[in-house]
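Could you walk me through this model in my viewer, one selection at a time? I would like to know what to click on next and what I will find there.

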Amino acid sequence: MKIAVIGSGIMGNGIAQVFATSGYQVILVDVSEHALRTARDMIDRSLTKLTKKNLSIDPLEVLSRLSFTTRIQMVHDADLVIEAITENIETKKRLFQELDELCQAKTILASNTSSLTISDMASVTKRKDRVCGLHFFNPVPLMNLVEITATDETSDETLQFAENLIKQMNKESIRVKDTPLFVVNRLLVPMISEAIALVEEGTASPTDIDKAMKLGASHPIGPLWLADMIGLDTLLHIQESLFVKTKDSKYRVPELLRKMVSNNELGRKSGKGFYKY
Ligand code: NAI
């Protein structure tokens, strides 16, 4: 089976890595050569680290199953294409339309979006029964859950296919209706936003807020550490689109988040966010 992943950023390279580790041939596509080089380095480093814990992984063998390209035409015969590009609905819709024209009839198209609706992306295709959400978590090689999202038109065969695939990778899945943020982020995003508001108000420092949630609520990592891992630009996109869609004040964007993103303080990926890397 051939899997294609579009977008080789934080999520795309992790998704490509776990499929290749499970024995699939994977094509990773990005518009940026630089992003593809970074993705290859990140996968290489991650596999080397994992090898220390799991001797059955052979990094060279896994890397040999991966190809990196800027040519989207290479995905035409994939069985599954997972989109993990920038969180922008117009860009994603353009990509889904292109994939629908390019790919064979058998190909299932999936999106890793955190906050956009799968039915919006499916609406520009002629294969609405073969479109679903596959929402992985960051860092993909370590996080065991995948939320599988179904629109009203996603077929049972597509969902079964997705569930079997996730099981074969030794991950767990849950089925979720196509609603903004699904389950995990619906609970997490308002918490992260409140943590940013606490920093903005000067109520406590990022380190103390994270310490509070680790020791006071038994969370394995604090909300601001998590925000830096997710990427502050991605969080900003998520909150902005949710606020526009719902007008719900729990998705109001803290000014501090906007300011940090415009200063290129995006978290881990830019070397600085609430912490320095
Ligand atoms: P990112 O900003 O790290 O990477 C996005 C990549 O997509 C970049 O390398 C960019 O060059 C590439 N790209 C943009 N437009 C493209 C196009 N038309 N064709 C091919 N490549 C294109 O983003 P990240 O954080 O990996 O997020 C990707 C998706 O995953 C988003 O939909 C986000 O909501 C979702 N997601 C993010 C999580 C996170 O923790 N960052 C967690 C779960 C889902």
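Start by selecting Pro139, which sits in the loop between β6 (131-135) and β7 (145-150). This is a predicted model, so treat each stop on the tour as a computed feature.

Next, go to the loop between β8 (172-177) and α7 (184-201), where you will find Phe182. What is the phi of Phe182 near? The value is near 55°, which is positive in a residue other than glycine. Both stops are worth a look because most residues other than glycine have a negative phi, and most peptide bonds are trans.

Now for the helices. Select α8 (residues 206-216) together with α9. Their axes come within 7 Å and cross at roughly 110°, so α8 and α9 are roughly perpendicular to each other. To see the contact, show side chains for Pro206, Ile209, Asp210 and Met213 on α8, and for Pro223, Leu224 and Trp225 on α9. By class, this contact has six nonpolar residues, one charged residue and no polar ones.

Keep α9 (residues 223-230) on screen and bring in α10 (residues 232-246). Here the axes come within 6 Å, with a crossing angle of roughly 95°. That makes α9 roughly perpendicular to α10. On the α9 side, pick Ala227, Asp228 and Ile230; on the α10 side, pick Leu232, Thr234 and Leu235. The residues of this contact divide into four nonpolar, one polar and one charged.

Leave Ile230 selected and turn to the ligand. Which residues come nearest to the ligand? Of the 22 residues around it, Ile230 is one of the nearest, along with Met11, Asp30, Glu87 and Lys92.

- Asp30: an N or O atom in the side chain is 2.7 Å from an oxygen atom of the ligand.
- Ile10: a backbone N or O atom lies 3.1 Å from an oxygen atom of the ligand.
- Ile85: a polar backbone atom is 3.3 Å from an oxygen atom of the ligand.

Taken alone, the ligand exposes 840 Å², and the protein buries 86% of that.

Note on methods: Residues numbered from 1 in each chain as written. Predicted model: local features only at pLDDT ≥ 70, side-chain atom pairs only at ≥ 80, totals over all residues. Heavy atoms only, no water. Near = heavy atom within 4 Å. Polar contact = N/O pair within 3.5 Å; in protein donor to acceptor, adjacent residues only side chain to side chain. Areas by Shrake-Rupley, 256 points an atom, 1.4 Å probe, with all protein chains shown as cover. Axes fitted to C-alpha atoms, helices over the stretch in contact; angles between N-to-C directions. Helix = DSSP H or I, 4+ residues; strand = E, 2+ residues; numbered from the N terminus. Parallel < 35°, antiparallel > 145°, perpendicular 65-115°, else oblique. Contact = heavy atoms within 4.5 Å. Nonpolar A, V, L, I, M, F, W, Y, C, P; charged D, E, K, R; others polar.
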